[in-house]
Amino acid sequence: MTAPRFHSLPRLGVGISAEPGSAREGIDALAFDEAHPGLVAFVEYGSDLDRGLDDHVRRWAAAGRATTYHFLDVNLEEPEDVDARWLERTAEAARAIGAAWLCGDAGLWHFGPRDRGHQLLLPPVLTRDSAYATAESIARIEAATGLQVLPENPPGSFYLGDLHILDYFALVSERAGCGLLLDCAHLAMFQRLRGLAPTAGLDGFPLDRVVELHVAGGDEVDVDGLALVEDSHRPEPLADTWAIVERVLPRASSLRALVYECERNRPDEVVGNFRRLGAAFAAASSASSASSSPAAEEA
Amino acid sequence: MSLAAQRAVVRMLFDPAFAAAVRRAPDEVLPGVEPALRAQLAALDDRALRLDRLRRLRALRTLSEEFKGAATLALAERRSLAFLEEFFCSAAFHQSIEERGSMALAFAEFLAGACAEGRLTTPLLADVLAIEAAVARARREPESPSRPPALDDPRARLRCAAGVFPVEVAEGALAALQQAERYLFEVGLMPAVALCDDAPRLTVDAAAGGRLHLVTVPHGGQVSLVTVDAALHVVLRCLPAPRALAAVLDEARARGLERERALAIVRELAADEIVVAAD
């Protein structure tokens, strides 16, 4: 088991997701912050080598605001995909915006050599071998970039392998010594597909390794009678997602950040949820600080 | 082992016929996947694979951006989206997944196969495809450090610089490509215009003409197509892989180029860093 390093990461608060060009058609974080001060503390910028950084995230970073970098183009489950060019250019992009860490869905973003237009994000195969491969990739990225990596549980309309996805990521974290990014909406999808309650498995999950949470809306869809959830990032999270957020937040003692993934919506559609998430994050942070204070430790 | 299962998932997502075959006979179709995962793949609900119903079309959009001319000429001839979607059922596609190859280059192989088999017969289509495939290949060549070759030693090994590929096509191919691009530009101004009887039509009236010799030259992340003379093209064709200078000159002579002339061209190409030393 590798000792965790994530305790050194800064506490960022509640942030908003962004992708190349998302501010043009959705939410510009600086404009949103001006209209609604205090709701957005940082931007999590998702991109790939092909698209790089956009003007929106550069402006945000130039204003001295905090960021994280979410990669959209490396297959953590496939260590050979972590090549020198990707490492160099990703680290360069992350450092250009002062990203506090790297994060991204662990699974497959593409097949074969990195390329455009593959149109898939596949969750990892939930086996021990795959978890170890993911841990190997994370260790390689952290060693090469000097940045910590938080693997995220991906969405899916099916999952292969016998492990519960929480057990899979617990293994990854234990093996790589990394913190975790728990996407509550993606977890809700997994639980439904396995016929489990939204919060099933959380009691045995190392919530003290969760550094970042994602919250997003999803669409319930019917494919010829099969009920599935589409990871649409619409404004309103499903009730299952909220149930996971409420269970995890007070128990995630290492939590540093919460991202509301809503970048392509209208600002007025998401203000209410930013307020709700901000209050919940602040309450959880206060409780966490109180429980880790000397007085609390003595008690 | 998990990656073998992931490759099968990708093939099932893009190719419903393959997914059906996995369901029918998983042991025969997926011998390389471990039994437990193979059983899970065979039991995957077909509807879960169909959640993203635009997956193929979006993949084709990206491929068509890179193969604008060839894809447009193919659609103009076949008048069928299903024809291009056959790519996802082709051996080229499945092989590219299993062998970690490039989907774009597999698409080029699929179209080239259709031309060779007479399923695509539009004049100049194969030439347009040859140009676009060379550019696609050049774009994907990993950069590699290079140094000048020692041309005073016949045993010195040479190679083309990364991303340098010679292409020989009919003279009219570039004009045909430009006509296809012009058509796409006009339709792209207002895609709904494709519904109209008086919409812009694709007109490819370029004559084949003589032979045109081109070379792909990458620089700064972009790829240029450079027109070269036939002699220079001959020399580059003698370098499909690293080989000794003497072998290059011998083959050039067999192709009708005097040794001294070929050596002068090699020197010229080395000075331009088109030909470099092979380690």
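In this predicted model, helix α7 (residues 68-78) of chain B packs against helix α12 (residues 173-188) of chain B at an angle of about 75 degrees, and their axes are 9 Å apart. Angles of 65 to 115 degrees count as roughly perpendicular, and α7(B) and α12(B) are therefore roughly perpendicular to each other.

**Helix pair α7(B) and α12(B)**
- From α7(B), the contact is made by Lys68(B), Gly69(B), Thr72(B) and Leu73(B).
- From α12(B), the residues taking part are Ala176(B), Leu177(B), Ala180(B), Glu181(B), Tyr183(B) and Leu184(B).
- By class, the residues of this contact are 6 nonpolar, 2 polar and 2 charged.

**Sheet of chain B**
- Three strands of chain B form an open sheet in the order β2-β3-β4, and the pairing is antiparallel.
- The edges are taken by β2 (166-170) and β4 (222-227) of chain B; each has a single partner strand, so one side of each is left without a neighbour in the sheet.
- From one strand to the next, the twist averages 30 degrees.
- Strand β3 (residues 211-219) of chain B pairs with β4(B) over 6 bridges, in the antiparallel sense.
- Thr216(B) has Leu225(B) of β4(B) opposite.
- Helix α11 (residues 125-140) of chain B lies across β2, β3 and β4 of chain B, and runs at about 165 degrees to β2(B).

**Nonpolar core**
- The largest nonpolar core holds 174 residues.
- Within this core, the residues with the most contacts are Cys184(A) and Val248(A) from chain A, with Phe107(B), Val128(B), Ile131(B) and Val235(B) from chain B.
- Val235(B), listed among the residues with the most contacts inside the core, touches Val248(B), Ala252(B), Ala262(B), Ile265(B), Val266(B) and Leu269(B), leaving aside its neighbours within four places in sequence.

**Contact between chains A and B**
- Chain A puts 25 residues into the contact, and chain B puts in 31 residues.
- On the side of chain A that touches chain B, α5 (128-145) and β9 (226-230) of chain A each supply at least two residues.
- The most to this side comes from β9(A), with 3 residues.
- The side of chain A that touches chain B comprises 11 nonpolar, 7 polar and 7 charged residues.

How values were computed
Residues numbered from 1 in each chain as written. Chains lettered and ligands numbered in written order. Predicted model: local features only at pLDDT ≥ 70, side-chain atom pairs only at ≥ 80, totals over all residues. Axes fitted to C-alpha atoms, helices over the stretch in contact; angles between N-to-C directions. Helix = DSSP H or I, 4+ residues; strand = E, 2+ residues; numbered from the N terminus. Parallel < 35°, antiparallel > 145°, perpendicular 65-115°, else oblique. Contact = placed C-beta atoms within 7 Å. Nonpolar A, V, L, I, M, F, W, Y, C, P; charged D, E, K, R; others polar. Pairing = 2+ DSSP bridges. Core = buried A, V, L, I, M, F, W, Y, C linked by C-beta atoms within 7 Å. Buried ≥ 20, exposed ≤ 12 C-beta atoms within 10 Å, placed from the backbone.
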